[in-house]
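Hello,

Here is the structure I promised to pass on to you. Please open it first, and then read my notes below.

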Amino acid sequence: MASSPQCTISFDDNYHGVFFAGQTITGTVDIDLPKTKKVKGVLLRVTGLACVLWTETYGTGITVAFQGREDFLKHTIDFVRSETDDPIEMAPGRQIYKFTFQLPTTLPTSFEGDYGYIRYTARVVFERPWKFDLTYKIAFTVVNQLNLNTVTPPLNVAVVQEHIKHFYCGPCRSEPLSINVMLPMTGYVPGQFILVTVDISNRSNKCIAEVKLKLRRQVRYSSQTPYKQVRTVYNTLAKFQCSGVDAKGSAGYERRFLVPPEPPTRSDTIIRLEYFVEVTAKVPGMAYSPEVQIPITIGTVPLVNLNQTQHRASIVEAHMTTASSLTQKIFHSSVPSLIIPHTFEKSAGRSEVNIQDDDESPSLGTVPFSPRYPMYHFDTNNQPAVHSAKLPTIHAQPAKNYGGDKIPSHEQPTRNR
């Protein structure tokens with residue numbers, strides 16, 4: 001028989017442990033003691049914080065560690081507490097404790113990145129006399145809702161961006177290469193499609209080998225010590241590779257990106273998340289190829305004042321949710337205000353992380369963690385799908401991927417890091 005306590009932390013009616021900021025959390029701590037244990041107290045400690053850390057080495061051989069930290073949540077619930085200096089003897093066997101607390105409405109969304117994280121944990125702590133404390137810890141996901149209808153300037157407006165490139169200069173200056181990129185709107189939620197329309201007029205004598213369309217995420221990590229420094233990381237969430245354009249030729253492309261499960265756009269913490277669509281015309285022999293970038297906002301409440309063209313652009317036949325298909329999907333009623341059927345999905349390309357801290361006291365164990373984000377499901381009119389019965393909570397299978405130029409407009413592009 002094991003000599004250490006066995007612990008589990010579970011949340012009521014929430015298998016994946018995903019909560020929205022402002023939501024009340026209820027759950028159970030299950031402790032199994034193999035023998036009598038002396039403690040000063042047993043408690044549940046809930047924390048939420050953002051941490052960044054990376055190093056940079058300079059030409060002099062000096063390596064500098066850049067760090068930053070922001071605390072968002074600290075909450076403690078006592079299950080057992082000695083009212084004196086003497087420890088309490090806990091009898092062997094199973095003991096169950098219920099807990100409840102409300103999350104603040106201002107909490108930022110969970111995120112696990114290359115040089116930092118925004119992480120929320122719940123840990124059981126055994127405070128022991130004259131010994132290091134014992135802990136057992138799990139992480140859970142918090143999602144801060146972003147209503148796209150409240151963002152200014154409005155996101156339900158079509159955007160067209162143009163890039164004109166002349167090769168060489170002076171008397172050798174070429175005729176222009178013109179790249180026009182259009183999005184029907186710039187605000188989306190995971191589960192909607194981004195329709196990207198590209199028109200290229202190549203009047204130069206340079207050939208374009210290929211045209212790449214990408215949906216990208218930009219993460220900015222900001223340090224606080226030893227001084228303020230920023231490190232930026234770009235990730236490609238999805239991409240299309242299209243055929244090129246001959247000299248003196250022209251071409252048009254239309255592709256749809258399915259917005260993957262990602263945390264909402266946010267720019268008020270030491271970890272800033274932004275998204276954009278990027279179109280690049282690859283010109284052989286050039287160190288820099290012409291490109292167009294259009295910022296987009298990913299939220300959790302979709303735009304409502306859309307015209308018919310915008311409605312059609314953000315859904316396609318393969319993604320439509322009908323009454324007959326609802327039984328094949330998994331939905332979760334997280335909060336009453338969130339009426340759109342959704343599943344909780346892991347971010348593409350992310351593996352589970354070890355949440356054990358280097359400076360932590362002896363641990364009874366942790367559970368590997370990967371945050372999950374709501375992935376929404378719409379019907380044929382881009383409205384929330386309607387379902388009348390509570391469905392079991394399982395996880396939807398990922399859709400198949402395609403690569404290359406000849407891609408049906410209703411399918412997903414390839415994804416990579």
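Let me begin with a salt bridge: D268 pairs with R266, and their closest N and O atoms are 2.6 Å apart. The term stands for a side-chain nitrogen of Lys or Arg within 4 Å of a carboxyl oxygen of Asp or Glu. D268 counts as exposed because its relative accessibility is 51%; the classes are buried under 20% relative accessible area, exposed over 50% and partly exposed in between, with a 1.4 Å probe and protein chains only.

Before going on, a word on the source: this is a predicted model, in which local features need pLDDT of at least 70 and side-chain atom pairs count only at pLDDT 80 or more, while totals for chains, interfaces and linings use all residues. Residues are numbered from 1 along each chain as its sequence is written, and side-chain values use heavy atoms, with hydrogens and water left out.

The count of salt bridges comes to 12. One of them joins the side chains of R216 and E278 at 3.7 Å, N to O. This pair links distant parts of the chain, 62 residues apart, with R216 in strand 16 (residues 208-222) and E278 in strand 19 (residues 271-282). Both R216 and E278 are buried. Strands here are DSSP runs of E with at least two residues, and helices are runs of H or I with at least four, numbered from the N terminus.

E274 also forms a salt bridge, with R272, at 3.4 Å between the closest N and O atoms. E274 is partly exposed, at 27% relative accessibility.

Now to the fold. The protein chain has 1 helix and 23 strands, and 50% of its 417 residues count as buried. An open sheet of 4 strands runs in the order 12-13-15-18 with antiparallel pairing, where pairing asks for at least two DSSP bridges between two strands. Strand 12 (159-165) and strand 18 (250-258) are at the edges with a single partner strand each, so one side of each has no neighbour in the sheet.

Inside this sheet, 6 bridges join strand 13 (residues 177-183) to the antiparallel strand 15 (residues 193-202). M182 stands opposite T197 of strand 15. Is T197 buried or exposed? T197 counts as buried, because its relative accessibility is 18%. Leaving aside residues up to four places away in sequence, T197 touches N180, V181, M182, Y253 and E254, contact meaning heavy atoms within 4.5 Å.

Enjoy looking around!
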